[in-house]
Structures are given as C-alpha cells and as structure tokens.
Amino acid sequence: MAIKLSRRHFAALGAGVLLPDLTALAGLGKSAFAMSLPDVAQNLAETLPEPAPDFHFMNAAGRRLGLAHYKGEGLIVNFWATWCPPCRAELPSLVVLNKMLLPDGIRVLPISVDSDGIKAVIPYYKKHDITGVPMLIDPSSSALRAFQVNGIPLTVIVNRKGDVVASLQGAGNWATATTAAKVRELIGPPLAKGTKATAT
C-alpha cells in the first residue's frame with residue numbers, strides 16, 4: 001500500500017525526516033521541541049478504506065505483533081524514532097490523544113524504527129516520562145516498506161475493520177478536540193457497550 005502525498009503533504013514533509021541530514025535543511029534541531037505544530041485535523045489525508053498492509057512489530061517483551069492483535073479497535077499507528085526531532089516533538093500530543101480516545105476503544109500505537117530497538121526506546125520513555133502508550137519497535141523498518149514510504153514521522157489511521165482511512169506524513173499536534181473528533185469520525189462508532197480495549 002502506497003501512501004500518496006499531496007501538495008499539503010510535501011509541505012508537511014518540511015516538518016518530517018526523510019534522511020537525517022535533511023533535518024538540518026528543514027531548520028530542525030533542538031528547537032523542534034518548542035516548535036508550534038499544526039492541528040492534525042486540518043492536514044489528515046483521507047482515503048477510501050483500504051486494508052492495511054501486513055507487517056509485524058514487537059513489544060518490549062519481544063513478542064511479535066501485528067495489527068490483527070488489536071482487532072475491533074480503532075488505531076492511530078505512528079512510526080517514529082528517538083533521533084527524529086519532529087517525531088519527538090509530536091509524541092507528547094499522541095500520548096494525550098491516547099488518553100482522550102482509549103475510552104472509545106481507540107488507541108495510539110507508537111512504533112519506533114530505531115535500529116537499536118528497545119534499547120533506544122526504554123531510556124527515552126523514562127527520560128521523558130512517557131506513560132500510557134506501549135513500547136513498540138520495528139528496528140528493520142519493515143512497516144515503512146509495507147506502506148511504501150521512507151520518511152518519518154508517518155501516522156496512519158486504521159478503522160475497526162483493519163482498513164487505513166487516513167494518514168499524515170510529517171509532524172502535527174494530535175492533542176486537540178478537533179483532531180480527536182476527526183479521528184472518532186474516521187474510525188466509526190465505539191465497541192459494544194461494556195467492551196473495553198485490552199491492555200498492551
């Protein structure tokens with residue numbers, strides 16, 4: 001599955017990373033933590049529902065997982081790395097979004113593509129007090145190949161049927177009421193009453 005990029009996405013790539021040396025060209029460095037990110041709701045590229053490509057990743061315990069593990073849930077799947085300034089800038093807003101949407105059976109899956117895998121992610125989570133979202137890794141970047149893109153951050157919205165319905169290439173502010181409402185709309189109604197999202 002190829003993620004198609006519009007002019008809006010090419011603009012957003014200014015806040016993303018294709019290769020480490022392009023970060024400097026985009027003017028992103030330590031200041032990326034303080035940069036004002038745009039509201040995601042205005043920049044999501046909606047698509048006709050299309051089955052998510054088959055790919056796998058691992059949790060902190062080394063268990064091999066796929067999106068099917070979260071069957072019936074809505075997913076915000078974010079591909080990031082600890083060395084990527086725009087990824088680091090948007091991650092806190094994804095943590096907030098996860099808290100907002102988990103009661104609706106929608107969760108954020110931040111999947112690190114750090115080549116050092118969990119060894120890079122554990123200290124980063126601890127240093128920045130990141131809680132409430134799982135530590136997931138794909139050190140071989142197999143998922144990015146499955147989506148036919150080579151830049152991060154990349155975030156895809158997957159509905160409860162396992163179909164990709166929207167994506168964002170580049171960084172954005174996910175912690176807004178408009179973004180939460182847009183994600184709920186794209187993913188659809190919550191699970192049956194009394195059904196809770198399983199812990200990861």
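What follows is a chat about the core, the backbone and a pocket of a predicted model.

Visitor: Before we start, what kind of model is this, and how are residues numbered?
Guide: This is a predicted model, where local features need pLDDT of at least 70, side-chain atom pairs count only at pLDDT 80 or more, and totals for chains, interfaces and linings use all residues. Residues are numbered from 1 along each chain as its sequence is written, and side-chain values use heavy atoms, with hydrogens and water left out.

Visitor: Okay, which residues touch the most other members of the largest nonpolar core?
Guide: Those are Ile76, Phe79, Ile157 and Trp174, in a core of 52 residues. Helix 3, residues 85–101, gives the most to this core, with six residues.

Visitor: And what counts as a nonpolar core?
Guide: A set of buried Ala, Val, Leu, Ile, Met, Phe, Trp, Tyr and Cys residues joined through side-chain atoms within 4.5 Å. Buried means under 20% relative accessible area, exposed over 50%, and partly exposed in between, using a 1.4 Å probe and protein chains only. Helices (H or I, at least four residues) and strands (E, at least two) are DSSP runs, numbered from the N terminus.

Visitor: What does Ile157 touch?
Guide: Leaving out residues up to four places away in sequence, its contacts include Leu44, Ile76, Asp163, Trp174 and Ile187. Contact here means heavy atoms within 4.5 Å.

Visitor: Switching to the backbone, which peptide bond is cis?
Guide: The one from Ile152 to Pro153, with omega near 0°. Pro153 lies in the loop between helix 5 (142–146) and strand 7 (154–158).

Visitor: Is Ser141 buried or exposed?
Guide: Buried, at 19% relative accessible area. Gln148 also has a positive phi of about 60° without being a glycine, but Gln148 counts as exposed, at 54% relative accessibility.

Visitor: New topic: what lines the largest pocket?
Guide: There are 18 lining residues, and Ala52, Gly66, Leu67, Ala68 and Gly162 lie nearest the centre. A pocket is an open set of points on a 1 Å grid over the protein atoms alone where a 1.4 Å probe fits, with protein on both sides within 12 Å along at least five of seven lines; lining residues have an atom within 4 Å of a point.
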